[in-house]
Amino acid sequence: MTFLSSRSSATLRRTTLLSLLQRSLRNFTTVPESWKLDVRECVSLLQHLGDTRALNPGRSLHSVMLKAGLDREVFVQNNMVRFYSLCGDLANARFLFDEMRERNLVSWTGMISSYVSNGQYELALRMYALMCRASVKPNEFGFPVALKACRLAHDFTMGMLIHAQLLKCGFESNGFCSTSVLGLYIERGDLRTSRMMFDGIPLGEQSEALWNTLLDSYVQNNYIEEAVQLFYQMMQSDVRPNHLTYAILAKLATDTLDVGLARLFHGQIFKVGLENDVIVGGALVDSYSKLGFLDYAFGIFQNLEEKDNVVCCTLLAGFHQSGDAEKGLNCYISFLAEGNKPDIYTLASVFSLCSNVNSAALGNQVHCSLVKYGFKLDSFLGSAIIEVYGGMGMVSEAYKCFLDVNSINEICFSVMISNLVHNHYSEMALDLFYEVKSKGLAPSHSTVSAILRLCGNLQLLKEGRAIHCHVVKNFGDDDCRLYLENALIDMYAKCGAADDAKLVFEEMQMHNEFSWTVLMSGCNEVGWYQETLRMFCDLVCTSTSVKPSQFTLVNVLQACTQTEALVTGKQIHGYILKVGFESYLFIRSALINMYSAFKSGIQDAFLVFSSMMKRDLVSWSTMITACTQNGHYDQALKLFSEFLISPEYLVDDSILSSCLSACAGLSALELGILFHACIIRTGFMSHVHVASSTIDMYSKCGSLENACKVFDEIECHNLVSYTAMVSGYARHGQGREAFVLFNKMKEAGLQPDAITFVGVLNACSHAGLVKEGWLIFESLRNEYNSEETVSHYACMVDLLGRAELLDEAENLINAVPSDLRSLLWKTLVNTCSKHGNVQTAKKIALRLSKLEPNRPLNYLLLSNIYASASLWEDVAEFRGRLKEVNPRRQPGSSWVQVAQ
């Protein structure tokens, strides 16, 4: 015999009533008269529809009840108000409330609660005031609802009035009321009054909720000692700490970053047997994860009675932050193996782990599992997937996911744009940025910053200025304004618009270290080195809130190098020692580079290098290059041999190029061949600048044939390789070959620079190609719009002097600025002297000795000219004058390479 309980019968009858109701509405008929509606069953069904938020069926039931005349009782009317408020239809709820002829306390409390539940706290408090005017006194359920409205609306004055009313009505000892009052004062930030109220409650009436509310307030306000003392008081009271208490304590340990405190609370939790509770255990997992003790966190997670996605997400976030993605993924796999289904937040955390391991296959697998579980690709998940694919350089896949996202928001756009910028898809990034604006969405500050960085890298000044206007218009008083202003300075600096960068800097309300550093870097980029030094003085002398960083000082040292301000550089060195930045390796490298720019500073550079306890590849490269540039070739090669002994670093292209230059300086062909072999073995021959150094080494060591071989083996030539070969031909007197190669370079679309012109003009001079030399010299200004330097004039003077076109040479010298003429006259003297034109050389040398009577070189030139003409009396005269002007001569030196 089948027996149905009364509860089952009620459920069956409610289902039958609902089915009948739906059929009647479909057929536009009324409920049959044979079916007698029961008020309690209708109310029960209405409550069920309210709990399930079934608005339309509820309205239909309301209509049926109206026709049946079942809406006259207050009890029914209260439930109808409740139904509409649960469904979010407050307008109908309020309409029914206003239509009620008799309202009881439940009616008022229900309507107030409806407003509070839907976030309309002011309307709730107005309704409470109307209730009081209607002489309806709230009870122990009405007061907490009104106090909650005051707390959430931050209307503490009204809250204190309600508190006074509560005291008058005698509800101060009620657990619900006392907890609500305590929450009000805690929200107000008045912990002192909160504690006084708590202490005023009799011990037997202090509930768990009261203890936990006060404890949580202490934790939220970082009152560590008070929180711990309150916990010990709770332990000694009649109220036992529950799972919420221990979860709050675990949060306290996390907020204070105190692992000792976490272990202390963990021990107590273990003692009371709550370690495996999902709430307490989850709080412990969160605490240990954020404190970095992931093994403890994982152990607790494994023993939890029930593993939910919140705890799993917390643990995965910990593994992501620590960089241990492999353990995090194993944790996720074990979570799935136990039959758990991930939610969107867990999957987002797994995608973050995939980006850590940089595995495209793994990212694809997780993406497939997302589809398998039936999740829609919303902006949250879409952003996570785009970040994974974009971080791996899989921009096409990232963009496909972006297009598949439902309801793309600003965050999704921001992630996609940032990844496009990172992977150098500049045009797509700009198009997407303009699409954000066209859709009426507000680009985030990170999106704007990424686009500004793109404009700076590509020198898109016009687009950058347009985005500047957008920043001014939309981020006027934003908290991120400083961040964006720094990005604007960086953009203008990279575009070479230092004036605009400086203007942005001057209009900023606040600066940080990055602001100063970026502007100094921009000034250096456009050659405003003095401005950089002036800014540094302002920063050190006038700014109290901002101090120079190690990156700031690198820019200042660069400015000292370019302005030849050795004394200032030494002062900066002293400042570096004072503030303790000398331990940074890149600061030491910058100091070496600064000192090596001065001939008198190479010893200081070596002292800085020698004092380094640890050296990186940059410091070795900087020191070897410094020795080479200052002519200390043997010292450079000695340093290279010391570098080879160190097993920490592999040789790089910069070091090899410097060593080749040292071999060239010493004309050490055999050693240069060894370096060439080393370059081939290490694969650096594909680097054009290394190959160019090899060409230069062979040509300076007299092996033009090998230089040509190396040049012919280069696949993709650039200006440096062509210039090295042209200079090599010039050095070996093969002017026509140099001229042909120069034209070939121009045909390849490369624009020669000042060094290239010096090389080809030298070649023309050695080969006597006067016509070709004049054509090249004139093209320097007419075709390439470049300024001639003294080296270009010297080459032309030498060319004309060798061709005995002395009048043209003199005319050319007279056409240059007066401060450059002295060097050019000396060039012409040397040329005339070498080619036997003694009279012209003598005439020019005498003119030089009168213009510069204290320059020993002029007398030495005259002495050599007279010696070549066997005029020994004149030689003796000018040798005597040379001793008067320069009594001590620097001794010469020579060297010879001896086979080992």
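**Reading the fold and two residues**

Modeller: Contacts are pairs with heavy atoms within 4.5 Å. In the protein chain, 59% of the contacts with a separation of 6 or more join residues 24 or more positions apart. This is a predicted model, in which local features need pLDDT of at least 70, side-chain atom pairs count only at pLDDT 80 or more, and totals for chains, interfaces and linings use all residues. Residues are numbered from 1 along each chain as its sequence is written, and side-chain values use heavy atoms, with hydrogens and water left out.

Biologist: How many helices and strands are in the protein chain?

Modeller: Helices (H or I, at least four residues) and strands (E, at least two) are DSSP runs, numbered from the N terminus. The protein chain has 51 helices and zero strands.

Biologist: What does His468 touch?

Modeller: His468 lies in helix 27 (residues 461–474). Leaving aside residues up to four places away in sequence, His468 touches Leu488, Tyr492 and Val504. A polar contact is a pair of N or O atoms within 3.5 Å; within protein, one must be able to donate a hydrogen and the other to accept it, and residues adjacent in sequence count only if both atoms are side-chain atoms. The side chains of His468 and Tyr492 make such a contact at 2.8 Å.

Biologist: Why does Phe586 count as partly exposed?

Modeller: Buried means under 20% relative accessible area, exposed over 50%, and partly exposed in between (1.4 Å probe, protein chains only). Phe586, in helix 34 (residues 585–596), counts as partly exposed because its relative accessibility is 33%. Of the 900 residues in the protein chain, 46% are buried.
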